[in-house]
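Thanks for passing this one along. Here are my notes, in the order I would read them with the model open beside me.

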Amino acid sequence: MLRNDMNLKTMLEFEPDDELMAILPLNVIVYIKIILINEDKTKTYNDLRLLFNPSVARELNEYIIDLNKIKFYDFDAPDKFITIMELNAKVNYQLIHDCFEEILNKYQFTGDIVINFYTHNNNNQCLSLYNGLLTTKPLKTKTQER
């Protein structure tokens with residue numbers, strides 16, 4: 001859903017609508033957009049490696065479809081480096097959320113991480129790690145606000 005021709009602002013604001021969710025493959029239960037923010041590329045990718053390290057995230061790696069085909073979109077911003085990626089999960093929201101939450105709680109990440117979960121029934125949620133504080137809150141999309 002994300003495209004190479006999108007700029008940082010467009011990617012950050014991107015939310016799949018009902019139409020885009022409907023064209024996902026049938027085995028996709030949850031569409032996930034992850035945003036990693038750190039002071040430089042090395043620290044951002046160190047956090048990324050920890051997040052998906054097979055010894056740390058064995059279950060998580062089983063829940064993601066085509067984990068080896070994930071595209072990363074990197075942006076150099078003033079005083080920070082941002083990586084955005086999208087994933088498709090083949091399990092329900094609660095399983096994938098709990099898996100990410102356990103990893104974010106258990107390990108020391110150096111940057112901020114935002115994980116947006118989008119489901120077919122609009123049970124959209126945001127799991128975020130800002131300055132070491134982990135929170136989950138409902139994610140109200142533009143479509144839901146109309």
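Is Asn38 buried or exposed?

1. Asn38 is buried, since its relative accessible area is 7% and the cut-off for buried is under 20%. Please keep in mind throughout that this is a predicted model. You will find Asn38 in strand β1, which covers residues 30-38.

2. What does the side chain of Asn38 meet? A polar contact of 2.6 Å links the side chain of Asn38 to that of Thr110. Setting aside neighbours within four places in sequence, Asn38 also has contacts that include Lys43, Thr44, Asp47, Lys80, Phe81 and Gly111.

3. The structure has four salt bridges in total, and another of them pairs Arg3 with Asp5, with 3.0 Å between the closest N and O atoms. Here Arg3 is partly exposed at 46% relative accessibility, whereas Asp5 is exposed at 60%.

4. A further salt bridge joins the side chains of Glu62 and Arg58, at 3.6 Å from N to O. Both residues belong to helix α4 (residues 58-63) and sit four residues apart, about one turn of the helix. Arg58 counts as exposed, because its relative accessible area of 53% is over the 50% cut-off. Glu62, at 43%, is partly exposed.

5. By type, the lining of the largest pocket has 10 nonpolar, two polar and four charged residues.

6. The second largest pocket holds about 190 Å³ of space. Among its 16 lining residues, Ile35, Val114, Asn116, Cys126 and Tyr130 lie nearest the centre. At least two lining residues come from each of α1 (8-13), β1, β4 (112-119), β5 (125-130) and β6 (133-138). The lining of this second largest pocket divides into nine nonpolar, three polar and four charged residues.

Technical notes:
Residues numbered from 1 in each chain as written. Predicted model: local features only at pLDDT ≥ 70, side-chain atom pairs only at ≥ 80, totals over all residues. Heavy atoms only, no water. Buried < 20%, exposed > 50% of the residue type's maximum accessible area, 1.4 Å probe, protein only. Polar contact = N/O pair within 3.5 Å; in protein donor to acceptor, adjacent residues only side chain to side chain. Contact = heavy atoms within 4.5 Å. Nonpolar A, V, L, I, M, F, W, Y, C, P; charged D, E, K, R; others polar. 1 Å grid on protein atoms, 1.4 Å probe; cavity = no way out; pocket = protein on both sides within 12 Å on 5 of 7 lines; lining within 4 Å. Points joined across faces, edges and corners; volume = space filled by probe spheres on them.
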